[in-house]
Amino acid sequence: MSEDNKPTSGVPPAEDDPTSPTALGAPVQGAKALEAASGKPAAAVTETATAPPVTLPDPKEIETWNEQVRRRMRQKTRRSFLGFGAAALVGFGAFEWLMSRREIDDVPWPIRKTLEVNEQLARDFFSTGRTAPRPSETRLGNRINGDLGLGSDFDPSKWQLQVSGLAAQDEPLALGIDAIKKLPRVEMTTEFKCIEGWSIIVQWAGARFTDFMQAYPPTTQSGDDFSLDHPEDLLPYVAMSTPDDAYYVGLEVESLLHPQTLLCYEQNHQPLTLEHGAPLRLVIPVKYGVKNIKRVGTIRYTNVRPADYWAEQGYDWYVGL
Amino acid sequence: MKEKHRLAIRWFHWVNFPLLALMIWSGLWIYWANDVYRIGLGRLTLFKFFPQGFYSAFGLKQHLAEGMAWHFYFMWFFVVNGILYVTYTVVSGEWRYLVPNRQSFREAMLVTLHDLGLSKGKLPQRKFNGAQQIAYTSSIILMGFGSVVTGLAIYKPIQVAWLDALLGGYQAARFEHFLLAMGYVLFFVIHVAQVIRAGWNNFRSMVSGYESVSLEKGPHE
């Protein structure tokens with residue numbers, strides 16, 4: 001911190017500094033300088049420097065003037081260093097206070113609350129009409145990253161997608177992969193962005209999440225039939241997890257209404273591999289990779305903000321792009 | 001005794017310093033998670049950003065979540081301070097001292113030669129010389145603006161996809177954001193060196209607002 005560099009505030013520094021050029025040539029000029037010190041614009045000083053010379057006065061008188069200027073300077077310096085020193089202490093205090101606050105999911109609450117404010121601002125600005133650019137397929141990437149929830153005791157042939165929170169259905173609905181593949185097939189190429197900072201271009205194929213919603217309508221707040229024309233009537237959140245519940249994400253429903261949010265079964269023109277989340281994974285370009293959950297086992301519409309694996313580790317819950 | 005820096009300017013300066021430091025520090029925590037930049041050609045790497053020793057010495061590893069949380073908290077203070085500063089300089093007329101004009105670039109050359117000890121010419125004696133005008137305007141205003149713009153492009157690349165396109169893409173924006181951060185570090189090193197050269201009277205004026213002036217010799221001794 002800069003404030004560390006500041007000398008102790010009480011010492012009058014002008015005296016320590018032999019080069020401090022406060023010596024004045026003439027009493028008239030000295031008087032002008034004093035005026036300037038008391039708030040007159042600096043121009044007054046420079047003008048006097050070129051003014052015609054006045055008869056040399058008594059050196060004692062000059063010294064009196066100079067001493068007055070030095071005293072005022074010392075006073076100003078002392079006051080301002082004390083002021084800025086106090087401000088630096090307040091700054092340190094505020095920082096210490098911030099860092100010692102009770103933590104919510106590994107983040108001091110004032111910072112966590114700010115992340116939530118950022119989220120609200122971003123959600124206000126968010127529009128399903130703004131889509132991710134579609135880069136050309138010439139530089140398709142393939143990077144395996146993260147195996148949470150992808151335990152080896154998994155039989156893809158027995159996999160079923162459990163969906164809860166559907167309209168007129170109390171028990172979760174179990175769907176096979178064919179149910180997803182029956183939906184209109186959508187292909188897209190997008191830049192997949194990892195929260196770590198890297199990104200790769202990936203080609204995907206799967207079903208649009210809104211088509212999935214149309215086919216298996218979720219329950220609504222009002223009890224009316226599901227309609228994409230009334231997104232505000234949907235339950236506000238969706239929770240997804242791997243079959244073993246080892247990895248789970250929470251999403252606000254509007255990002256699932258985005259036209260590029262897909263339930264994918266193909267990647268780079270090949271069937272999804274196990275390490276990329278076969279048989280079915282979520283691809284949601286409006287979020288960092290962490291929300292693009294692999295091997296989706298359950299989908300649940302909910303009123304309660306769902307737990308999120310990485311948000312519990314100190315990350316932002318929203319991570320919207 | 002002459003008023004040099006107004007109180008508001010001094011506050012903006014000293015508030016900005018710790019804020020920018022926190023932004024760079026948390027930015028390094030974020031950058032560490034994908035530290036791909038280097039100076040080199042092909043397979044030859046002259047310098048890697050950053051060597052392992054650097055990360056270890058400053059404890060910069062394994063702080064991505066924390067770095068992002070800090071970065072997206074302190075960004076508000078940094079932006080607000082920047083907006084207040086620019087607004088103040090415009091409204092108060094201080095911008096006249098800061099914005100370079102046609103002579104600034106020629107003058108900047110002279111100042112650079114002088115400071116490197118290659119020229120003994122007399123330097124312009126006013127609040128900010130041409131080199132300072134260019135350095136302060138470009139660094140404080142343009143770099144600050146650039147950091148906010150490139151930062152937004154990395155932060156919300158889908159919502160402001162047009163901005164990412166303008167900056168050359170998502171990864172280009174990330175690189176530009178990093179370059180600007182390195183630019184601040186470079187600016188800081190030169191700035192501190194120049195402040196030390198200029199001496200106590202000058203440093204004091206950035207705290208108290210006043211410098212002492214010899215009427216015969218002018219403000220810079």
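In this predicted model, Asn118(A) has a relative accessibility of 6% and is therefore classed as buried, since the cut-off for that class lies under 20%. The residue belongs to helix α4 of chain A, which covers residues 109-125.

Nonpolar residues were then examined as connected sets. The largest nonpolar core holds 107 residues, and the members that touch the most others within this core are Leu161(A), Phe212(A), Met240(A) and Ile299(A). Helix α3 of chain B, which spans residues 64-92, supplies the largest share of this core, with ten residues. Another core, made up of twelve residues, lies apart from the largest one and includes Phe81(A), Phe12(B), Trp14(B) and Leu98(B). As for Phe212(A), its contacts, with neighbours within four places in sequence left aside, are Leu161(A), Val163(A), Leu175(A), Ile180(A), Leu183(A), Leu263(A), Ile299(A) and Tyr301(A).

A further position considered was Pro100(B), which is located in the loop of chain B that runs between α4 (95-98) and α5 (102-115). Because its relative accessibility is 24%, Pro100(B) counts as partly exposed. Once neighbours within four places in sequence are set aside, Pro100(B) is in contact with Phe105(B), Gln133(B), Ile134(B) and Thr137(B).

Technical notes. Residues numbered from 1 in each chain as written. Chains lettered and ligands numbered in written order. Predicted model: local features only at pLDDT ≥ 70, side-chain atom pairs only at ≥ 80, totals over all residues. Heavy atoms only, no water. Helix = DSSP H or I, 4+ residues; strand = E, 2+ residues; numbered from the N terminus. Buried < 20%, exposed > 50% of the residue type's maximum accessible area, 1.4 Å probe, protein only. Contact = heavy atoms within 4.5 Å. Core = buried A, V, L, I, M, F, W, Y, C linked by side-chain atoms within 4.5 Å.
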